[in-house]
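Student: I would like to learn how to read a few backbone and packing features in a model of this kind. Could we go through them one by one?

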Amino acid sequence: MNNSTTFSSRCLITAGILLLAVTGCQKEFLDRKPLGQLTYDTFFENGQQATEATNAVYNQLRQWDCIAFPWITCTDIISDDADKGSTPTDALYVLEVDDFTFDGTNSSFSGVWRGYYRVISRANLAILRIPDVPDMDPILQKRLIGECKFLRAYSYLLLVQWFGDVPIITEPLGGDSYYNQVRDNQSAVYDQIERDLLDAIDALPEKAQYASSNLGRASKGAARGMLAKLYMVKKDFPKAEEQCLAIINSNQYSLLTKYSDNFLRVGENGAESIFEVQAAALQPNDGVIGPGATPYNMIQGVRGVPNLGWGFNRPSDNFVASFENGDPRREATVIYVGEVLPDGATIVQDNPEIINERYNQKAWVPAHSGLQDNGPGNIRLLRYSDILLLAAEALNENNKPTEALMYLNLVRKRARGTNNFILPDVAITDQAMLREKIYKERRVELGMEQQRWFDLVRWGRAAEKMQAVGKNFVAGKHELLPVPQAEIDLTAGALKQNPGY
Amino acid sequence: MKNVILILVSIMTITSGFAQVRVNGLVTDKQDGTPLIGVTIREKSGAGGGISDIDGRYIVSVAGSESVLVFSYTGYATQEIALNGRTELNVSMGEDANLLDQVVVVGYGTQRKSDLTGAVGSVKSKDIERIATGSVAQALQGKIAGVYVTPNSGEPGQGAIIRIRGTGTLNNANPIYVIDGMITYDASFVNPQDVASIEVLKDASACAIYGARGANGVVLITTKTGQKRENAVISLNTYYGTQQVTKRIDLLNASEFAQAYNELTNTAYYPDPNALGEGTDWQGEIFRKAPMGNVQLSVNGGTDRFNYNISANYFNQSGILKNSEYERVTLRLNNDFKVNKWLTIGNNLAYSNSKAQLAPGVVTSAYRMPPVFAPKDSLGNFSDPTSPFGLAIANPAADLFYKSNNHNKADRFFGTIYGEIKFLKNFTFKSNFGFDLNSSNEKQFTPIFQVSPSQLNTSDQLWRRFGQGRDWIWEQTVTYDQTWDKHRVTVLAGYTADERTYESFGAGRSGFPGNADELLYLDAGNDTTQVNYGSAHDEALISYLFRTNYTLMDRYLLTVSMRVDQSSRFAADNRTGVFPSASLGWNAGQESFIENLGVVDRLKFRVSYGILGNQNSIRNRYYPSLGVITSRLYYVFGPDEALNQGATLISIGNPDLVWETARQTDIGMEMGFFNNRLSAEIDWYNRYTYDIIAPVPIPDYVGSNEDPIVNTAQVRNRGWDITLNWRQAGRFAWNLGAILSPVSNEVVALNDQKSEILAAFLQGEPATRTVVGEPIGSFYGYKVIGVFDSADEAAGAPRIGNETAGDLQFADLNNDGKIDALDRTNLGSPIPTLTYGFNAGFEVAGFDFAADLLGVTGNKVYNAKKSFRFSVYNWEKSSYTDRWTPTNTAGSVPRITNGGTNYRVSDYFIEDGSFIRLRSMVLGYTLPTALMQRAKINKLRFYVSGNNLWTSQQYSGYSPEFGNDGTPYEVGFDNGGYPIAKSWQFGLEMTF
């Protein structure tokens, strides 16, 4: 008994000591940090991380919502440049947009809304935190902030053109402001875009000033180009003219000799390129989507033989008919059945399931090593010829027809190449007639490059042109897309719908 | 009982070598003295045996006058009586008291059922073994009141979702599993035939000892341990059977599809639909009759000091979907060893090794695939359905052919090792170390193939994925047990530490020289294509626990318990949760004034209240208080297209997160009548969960890739658990039972500024709304009032778009002359209001029979597979038979469409989810003991059994049950998963 008591006491003491020992290191035991991941508090510690945060903003640009179905639907397919494409019954919700029978629940609209607000959110975080990164190279610091502001402004520029008034969010939102945002006045959105772009112009180097390994980052010229677009939307033609001429006079850009080269591998980030979404067909990481690619090429690729994709975004009859006789840009923009593809080898076979089969040649890429949805083609968001035509348009509006003609004819001259029987120089100086010439030139020069819808709306011609091709376009309503119904629902109506929806 | 055996064993050692002796006697019922007919009498260690006759008399020949006779009778306590020289032996047998007052396992200990003050449901091995399944959770279905079990899917090797007393949270509502003391979230590795009992802890009193993890209830699984006996029992249990899909979905055949497609496109695309006939039955192409089999071999025995149970099990199940296979080997070793007077050590160790082949998700594509296609075209190539029907459609036969090289192997080593020290007479110290090592090894190869522009693979790919989890718990508990005269006290105090880590990595290559299995190792691929990745997470919990049970005069019962948990999941300031509970019980049946009434044999009242935590609700969020930076958001720059790393905040952290807690009140009553033949247990509970942690949908303008998690809501589950049983002992023993669990689920508050949570977005529209006063995740959308007969009728009615003749007409609920978002309304709840089960069984003349029925009512199902149409898919017959056509303008369902307003979220897609199912049925025959003993076999039983043989359901899909482990506001959607099977088995059970 005595022995047992002693033993028991020893047990108790041992247990007690064990307990105390374990309790002692309890705090350490319970403080867990994510494994293999940084946290909000441990990120933005150096220039490398600041760069990664900026790269993540670019990364969002090549996600599905930003450049795939929602993007192509809300730019080309909605316009008179293109029809839905593919087989007649495939993806009917896209057809709803093509036909203007949609409402606020169509996923195309929530797609672009979500996609570009994610760009904005990632940019907001970087813009907030990069200034406080310790011991950072101030030149890099300034440039990265400039890049993020450019990307944020670009996103707002798209959103304001699609939806009109949109909530301006310039800082990461906290939990108490998730649901109570309201739509800010369109002019306030314009002001926000202008501020960001002016900062970006100040902060960013010219394209040629970037190290080669950084080719593809937003440059001063890109920021000026977006600012010029903003001013065109605002019809502030003097300021638009100023920005366009600044780009032209920067001598950073020139037209490629051959128009069609713009859309081949050789044209990526070429002399004519001002801003592109960068893509490469790399091996997939985990699952299907490659780490550097986009589905842009697949969605618009030839559907059938050779099998390059899904065949959406079919150049419309109206668009094909808008080219002047012999304009080589038509052949560079549209793939027809029987055509030899730019790889020089393959011929497009007829697919009997597709009516009036055509494809967007500007989205064409040759067969590549990645998976089909691992498209390697850069997406040309801003080309120098676009700026030349904006310059022409602004100069004409500013009553400088001679200068306007100079830039317009530069574009036509390049398009014509060595064939002097086509695309003669324009010589009209009457403002209204010249305007028509410029508008027409924009359409054929930039066809299937996701510009047309924005141009039509800013020219006030959307209703006329849409109705002309038989779409159910209601003037005064359809110039703006409906705010996604889910956003209105989630904010319990704090976000108001656009008129007519 | 054990003592009896002990004495007998010692007697046995001195009895041997006597001549044959005849023994006779009378067997009577202890209760009323009537003779018992058919009692089995067996000589314990000899060949003698017999059965009592119609007068209760028996005569047996035994080896000697010192033999021991064993009297057994269904429903009665088995007796072993030494002859001690007698040749006449009269026996009176009593009903098995164990049936009435069994010991049940509770958290960190056991308790007599009569002493329980909490609500605990218990199932014994006999009822678990009967269901032919590899999953313990599936075996629980319909067995315990208040426990609602939904199979995850019919995929072999899959478990089930368990809901105890309703859905108490907006997020993960799964209970925890405690297997021989080790806590886990996944009990899929447990071999049901190793299970001795399953206890489900339902109320706060029972669960509080599990504190932060107890709010969704606790499932305690106790595996079989060795029993002290003279001869080890060797058991063989095997069954073999076949399974098939419970029902088919009624889809259009080829000619009907062609007709529908012509109507859709308003063309004569198919000039003569009727000529196409039946076409391909795609469900027939993917489903099959599949075998399943099981062999269990176990040895169970023990001595005074050492007990053991060793088992080996092989389970093999082919899936009813082609190319899905599962096999599992389980080994178990349960030992306990009395080292000396004060020290006992023991272990419960299980090793399981499983291999699965995963079929591609073709159940949905078979549902969608137009029947006008043959699996292969005339050239022998897989048919391309995308022309003209659209890209979002894949040929299931091709997927089965190309995408089935997907294998998953898993090893799991799981168990506990403990030491128990008795000291100072009334104290027991126990140190229990539980561990769970699990590893998975996946191999997936997809060859190059092309069926269509959207169903293809342009480079061959081999993926390998390895994962390893290492979980351990170390528990120290001290128990103090004291009995004085009328008082019985048990005090438990303990300290536990718990750590869980998981790490995985994967790698892939393409460019393999061939597709042969022996070549499919990474090194054979092209090394310039190699990619790899890896990730990890961990968590820790430290807990203090305390419990006191006090019993006065066996009548007045009190339990008080408390657990303090500290979790790594929360920020340091919000880390600690305190979870107390208290309960009272009164065995009123033992009061003389009740006993004297002579009406009830047993009567007990219980009441409990407690607070529990639900850490489980953030099961997959290990660091929810921290904003986590996600990397691999790559972008390419430069002429060489170099991949640049990108990283940003994707998971928004919430440092203010606090424990989600549930307050639960339970009032219970247990009764026994007619010599306890009729027993009833009735509980009323009110379970109120507050500070519910859940992700909430936020507007897209926030720009977050993930929804944030917040403490967002309060939910109440209130209901009844009712269990009724009639148990009749005797030669014809039978039992009937019923469980009934009505429950009402209601959201009481949403803490945030938001008045509603809209979720389950289908094509841009929310399909559920969670709002105060309604069940969680109620369906939400437009109400259909009919189909427009004519374009004129449509034009004159409120519309949402351009509805015309043959389109659905939605109700203008706010009477504003138009249909818009304001006309959406609650369309029913996916949560059943009543779950119930019935069981019946009998045993007579060696035959045994048992059957279980289970059912649910009051729940709705959203037929989401019918509402998704990204391309032209096949239609359900219900969309066709009475559709609107220009010649059938009175049609009750809309014209053939493939998009547009008819596919808006509406009650057109909502169906009744009620069902009643014959969950299991088994008929067995045990060969007479006397016969078998000559063959040295203790017991030999054959049986046939069936699972899910009959179901009555309104729902048009395979089954209204789909185990959705997502958030509770996204349950009840049938997206077309792997259906459950019905099966037949033939089995054999033998012990030596």
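Student: Where is the place of Ala845(B)?

Tutor: Ala845(B) sits in the loop between β46 (834-844) and β47 (847-857) of chain B, where strands are DSSP runs of E of at least two residues, helices are runs of H or I of at least four, and both are numbered from the N terminus. Although Ala845(B) is not a glycine, its phi is positive, about 45°. This is a predicted model, in which local features need pLDDT of at least 70, side-chain atom pairs count only at pLDDT 80 or more, and totals for chains, interfaces and linings use all residues. Residues are numbered from 1 along each chain as its sequence is written, while chains are lettered from A and ligands numbered from 1 in the order in which they are written.

Student: Is Ala845(B) buried or exposed?

Tutor: A residue is buried if 20 or more other C-beta atoms, placed from the backbone, lie within 10 Å of its own, exposed if 12 or fewer, and partly exposed in between. Ala845(B) has 11 C-beta neighbours inside 10 Å and therefore counts as exposed. Gln450(A), which has a positive phi of about 65° although it is not a glycine, is buried, with 23 other C-beta atoms within 10 Å; Gln450(A) lies in the loop between α17 (431-445) and α18 (452-459) of chain A.

Student: What angle and what axis distance describe the packing of α7(A) and α8(A)?

Tutor: Two packed helices are described by the angle between their axes and the distance between the axes. Here the axes are lines fitted to C-alpha atoms over the stretch in contact, with angles from 0 to 180 degrees between N-to-C directions. For α7(A) and α8(A) the angle is about 155° and the axes are 9 Å apart, which makes the pair roughly antiparallel (angles under 35 degrees count as roughly parallel, over 145 as roughly antiparallel, 65 to 115 as roughly perpendicular and the rest as oblique).

Student: How many of the residues of α8(A) are buried?

Tutor: Of its 26 residues, 21 are buried, so α8(A) is largely enclosed by the rest of the structure. Gly164(A), which follows α8(A), has a positive phi, near 80°.

Student: How many residues of chain A are in contact with chain B?

Tutor: Contact requires C-beta atoms, placed from the backbone, within 7 Å of each other, and by that criterion 85 residues of chain A are in contact with 84 residues of chain B. On the side of chain A that touches chain B, α7(A) gives the most, with ten residues.

How values were computed: Two residues are in contact if their C-beta atoms, placed from the backbone, lie within 7 Å.
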